[in-house]
Amino acid sequence: MKYFSTRGSPDLLTFSEVVLIGLSKDGGLFIPQTIPNLPSDWKTAWLNHSFTSLALEIFSLYIPDNEIPRNDLESLINKSYSTFRESDITPLKKIKENFYILELFHGPTFAFKDVALQFLGNLFEYLLGKKNLESLEKKNSNKKERITILGATSGDTGSAAIYGLRNKKDISVFILHPRGKVSPVQEAQMTTVLDKNVHNLAVEGTFDDCQDIVKMLFSDNQFNQKHNLGAINSINWARILAQIVYYFHSYFQLFSSLNILPNSPEANNIKLQYCVPTGNFGDILAGYYAKHMGLPIENLLVATNSNDILDRFFKTGRYEKIVKIVNDGEGNGVGGHTVYETLSPAMDISISSNFERLLWYLAYESIDTKSGEERMNLAGSIVKKWMEDVKSKQCLTVEKTQLELALRDFKSDKISDQETMETIRRYYVPQDSRSQISYVLDPHTAVGVAASDKQKIPSNMYQICLSTAHPAKFSAAVEESLKSYNEFKFQEILPKEFVGLLEKEKRCVYIEKADPEMVKKAIESELEKEFI
Ligand SMILES: *Cc1c(COP(=O)(O)O)cnc(C)c1O
């Protein structure tokens with residue numbers, strides 16, 4: 001299995017290369033040469049597999065044994081998921097008839113990104129260690145390869161990356177966040193990690209300023225080569241791969257709770273819909289891969305907040321940034337692009353970085369006349385053109401047949417803050433307590449659940465909503481939604497890990513201006529201290 005870029009560059013890369021490089025030279029994202037098929041007996045052979053055993057089987061389909069031998073892969077997986085608090089890793093909870101919540105927040109930072117980043121951290125360390133060992137054996141270099149991970153965060157990615165990379169050999173990690181603009185819990189989760197290789201930079205500015213600085217440092221060839229910069233953002237293929245596992249795991253959990261064997265005739269009558277609160281399209285894209293590998297999923301429901309670029313795409317075939325007409329001060333309306341601030345901040349995006357991967361498949365499947373290689377090249381050039389349109393016109397439009405292809409797998413809806421809060425209340429106090437349990441949703445999960453409840457569902461359909469964060473992580477929205485219920489005590493849902501978190505010792509470098517030169521200086525001085 002090799003990987004190639006969505007924008008048509010002819011290079012084929014190995015799994016290890018795409019993990020370490022992240023983004024292709026031509027600006028595209030890496031995808032596997034083919035989507036592997038499942039073994040014909042998977043429904044029985046994998047029936048009683050734990051999360052980690054399923055991960056081993058699924059990863060093996062994408063990672064050749066000569067790159068990571070099965071034994072090594074197994075220990076990487078076991079190490080990665082030993083940090084989760086639940087033995088099931090991602091437990092499935094029944095809330096009401098035909099309706100389940102898949103809890104993805106039992107990792108170290110209480111949000112779903114841990115599922116991928118715990119694995120990615122160990123994978124980085126393993127691949128670097130292997131490279132260093134090889135060059136030592138060949139004696140062709142005595143220079144040890146190190147990597148400096150650099151990223152910007154508005155909250156969730158940064159903390160999950162820090163917990164994934166803390167104390168890893170040959171890796172330093174620098175995370176920029178806008179000072180005072182991430183939630184207190186997120187800020188504390190990042191800055192109270194005192195491992196020597198972890199560096200937080202609090203930048204006076206916005207998230208976009210942080211993101212721009214990171215991009216500038218990546219394109220600064222001299223700085224980049226000197227420090228061997230690496231990225232950990234949501235376009236890394238290994239993150240998508242790791243997320244495929246919980247679609248399979250929840251499928252088996254569902255059938256086990258229904259007491260039906262997945263390979264029985266009865267199972268064929270059951271339809272399954274996954275509903276995913278979506279921002280950068282990483283979480284739900286893993287569901288697309290699961291479906292195309294052969295997991296019987298009827299629909300993937302994309303749920304967005306008011307930042308609805310994806311919902312509008314699935315309704316119109318146009319992928320267009322939100323344009324807000326602003327007054328230029330002289331009475332003229334001028335077009336500007338905007339991101340709305342919502343109660344589900346981890347989904348506040350203007351474009352979805354992983355969407356390009358789906359676009360490649362839509363382009364590829366819509367071409368039916370050409371041979372394999374020609375067809376792949378053509379798909380790459382279509383995607384390249386689309387991404388140029390996004391850059392120059394802030395918009396791309398697919399053909400009707402391509403939109404129809406997308407609608408074979410996806411549905412979509414958008415949810416307002418108002419609906420998010422109503423949904424949190426509705427699930428805290430069920431209408432009918434005999435058929436529904438009381439459950440505290442975080443605002444991101446509530447977006448998904450709200451979208452799911454608005455669907456017309458046939459009676460043989462089961463719904464699984466992915467829960468992407470623990471409600472205590474986004475406490476303000478939850479407390480605001482439930483403030484009229486005296487019996488709701490926030491303390492009761494507060495995990496013990498959060499108690500006293502805000503008072504713990506912190507380490508963070510303050511950057512008084514959003515200036516790339518200042519950030520560069522801070523990085524070099526921190527690196528010097530790290531190696532004393
Ligand atoms: C990152 C995140 C999301 C969005 O996931 P994508 O893969 O970007 O679509 C949703 N909820 C929470 C809590 C997140 O941290």
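Contact here means heavy atoms within 4.5 Å.

**Figure 1. Overall fold of the predicted model.** The chain contains 20 helices and 17 strands. Its C-alpha trace extends over about 65 × 60 × 55 Å along the principal axes. For 532 residues, a compact globule would have a radius of gyration near 24 Å, and the value of 23 Å for the chain agrees with this. Of the contacts between residues at least 6 apart in sequence, 75% link residues at least 24 apart.

**Figure 2. Surface and charge of the chain.** The accessible surface amounts to about 23300 Å², with carbon and sulfur atoms contributing 49% of that area. Of the 532 residues, 55% count as buried. There are 61 positive and 68 negative side chains in the chain, and a distance of 1 Å separates the centres of the two sets.

Figure 3. In the unreviewed UniProt entry, K113 carries the annotation "modified residue: N6-(pyridoxal phosphate)lysine". The relative accessible area of K113 is 12%, so the residue is buried, the cut-off being under 20%.

Figure 4. The position shown is the one that the UniProt record annotates as N6-(pyridoxal phosphate)lysine.

Notes
Residues are numbered from 1 along each chain as its sequence is written. This is a predicted model: local features need pLDDT of at least 70, side-chain atom pairs count only at pLDDT 80 or more; totals for chains, interfaces and linings use all residues. Side-chain values use heavy atoms; hydrogens and water are left out. Helices (H or I, at least four residues) and strands (E, at least two) are DSSP runs, numbered from the N terminus. The radius of gyration is taken over C-alpha atoms; the globule rule is 2.2 Å times the number of residues to the power 0.38. Buried means under 20% relative accessible area, exposed over 50%, partly exposed in between (1.4 Å probe, protein chains only). Accessible areas come from the Shrake-Rupley method with a 1.4 Å probe; for residues, only the protein chains shown count as cover. Lys and Arg count as positive and Asp and Glu as negative; His and the chain ends are not counted. The place of a charge is taken as NZ of Lys, CZ of Arg, CG of Asp or CD of Glu. UniProt positions are given in the numbering used here, feature names are shortened, and annotations may be inferred rather than shown by experiment.
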